[in-house]
Amino acid sequence: MSVLVNRDTRLVVQGMGRHGSFHAARCQEYGKAQGIERQVVAGVTPGKGGTQVDGIPLFNTVAQAVRETGANASLIFVPGPFAADAILEAVDAGLPLAVCITEGIPALDMLSVHRALTGSATRLIGPNCPGVISPGQCKVGIMPGHIHREGEVGVVSRSGTLTYEVVAQLTALEIGQSTCMGIGGDPIIGTSFVDALKLFAQDSQTTAVCLIGEIGGGAEEEAAEFIRGGGFKKPVVAFIAGQTAPPGRRMGHAGAIISGGKGTAAAKVAALEVAGVTLCRSPADMGETMAKILGR
């Protein structure tokens, strides 16, 4: 099994400009390396319908791409001012999964997206995220596929680069990953830590999870409450980034800010520890810590 993406994922890439076409090709290459001839089945760039990029057919709309290719997931590279409309187009097309890489989407735009997602058939990952990968099956995003190894540890993170760091540690220790999910660092995102843990709880391949949080918001505290309440019973190893960040100053991600005394690293660490999560003081310790929990 896997979470969200697998060998049957048929991907449409929205925004086939320089970045979108580059990463579409990398996703296609990853699928071919797993013996899947064509995982990226379409691209969408308005006005470019009927043309191709690297053998990938382009369409003017997502609905047309879905209708003609059977696409069941979207990867979005549309620039910030227009990205919310791109997400809404994926929702309107009824796609089960939309992964938005775009950074800098206005929060007000994301409020409209959040309302549209409620009750829809679409799950959104991101925005401002690296995407999702189930090693050995499918890559939907910008993560370096070669560092991943198929296995049993789920990874969920607000940070893209720390995701890669932890995955590299796990792979070096010969600990594979079931699915790695970057949920994004913006204040308003589609899939939360709790949502991700619910998916991993149902996945028989996943036996433990690495959770990478950061300052700002209450997502980690909500995850801690979910775990403490018995919603997730598999082992969790966590790290919270931003432990030395000063209050009131945004650090990296738009959502990484301590505001009104809330969202501190200390509060998140305390909540997770009470929930029985194993905390690492440095991201460099996550691989070894998980290895000990797994008895490796």
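Visitor: Which residues of helix H4 (residues 107-117) are buried?
Guide: This is a predicted model, in which local features need pLDDT of at least 70 and side-chain atom pairs count only at pLDDT 80 or more, while totals for chains, interfaces and linings use all residues. Residues are numbered from 1 along each chain as its sequence is written, and side-chain values use heavy atoms, with hydrogens and water left out. Helices (H or I, at least four residues) and strands (E, at least two) are DSSP runs, numbered from the N terminus. With buried meaning under 20% relative accessible area, exposed over 50% and partly exposed in between (1.4 Å probe, protein chains only), the buried residues of H4 are Met110, Val113 and Leu117.

Visitor: What is the order of the strands in the open sheet of seven strands?
Guide: Two strands pair if DSSP finds at least two bridges between them. The pairing in this sheet is mixed, and the order is S9-S8-S11-S10-S12-S13-S14.

Visitor: Which are the edge strands of this sheet?
Guide: An edge strand here pairs on one side only. The two concerned are strand S9 (138-141) and strand S14 (278-279).

Visitor: What angle does the direction of helix H6 (residues 193-202) make with that of S10?
Guide: Strand S10 (residues 150-157) runs parallel to strand S11 (residues 177-182), and five bridges join them. Helix H6 packs on the sheet, touching S10, S11 and strand S12 (208-214). Axes are lines fitted to C-alpha atoms, for helices over the stretch in contact, and angles run from 0 to 180 degrees between N-to-C directions. For H6 and S10 the angle is about 165°.

Visitor: Which residue takes a positive phi in the hairpin of S8 and S9?
Guide: S8 and S9 run antiparallel and are joined by four bridges. The hairpin has three residues between the strands, and the positive phi, near 85°, is that of Gly136.

Visitor: What is the omega of the peptide bond from Gly126 to Pro127?
Guide: Pro127 lies in the loop between S7 and S8. The bond from Gly126 to Pro127 is cis, with omega near 10°.

Visitor: Is Asp54 buried or exposed?
Guide: Asp54 lies in the loop between strand S3 (52-53) and strand S4 (56-59). Its phi is near 55°, a positive value in a residue other than glycine. With a relative accessible area of 62%, Asp54 is exposed.

Visitor: Which residues are closest to the centre of the largest pocket?
Guide: On a 1 Å grid over the protein atoms alone, a pocket is an open set of points where a 1.4 Å probe fits, with protein on both sides within 12 Å along at least five of seven lines; lining residues have an atom within 4 Å of a point. Grid points are joined across faces, edges and corners, and a volume is the space filled by probe spheres set on the points. The largest pocket has a volume of about 460 Å³. Of the 26 residues that line the largest pocket, the closest to its centre are Ile188, Ile189, Gly190, Thr191 and Ser192.

Note on methods
Contact means heavy atoms within 4.5 Å.
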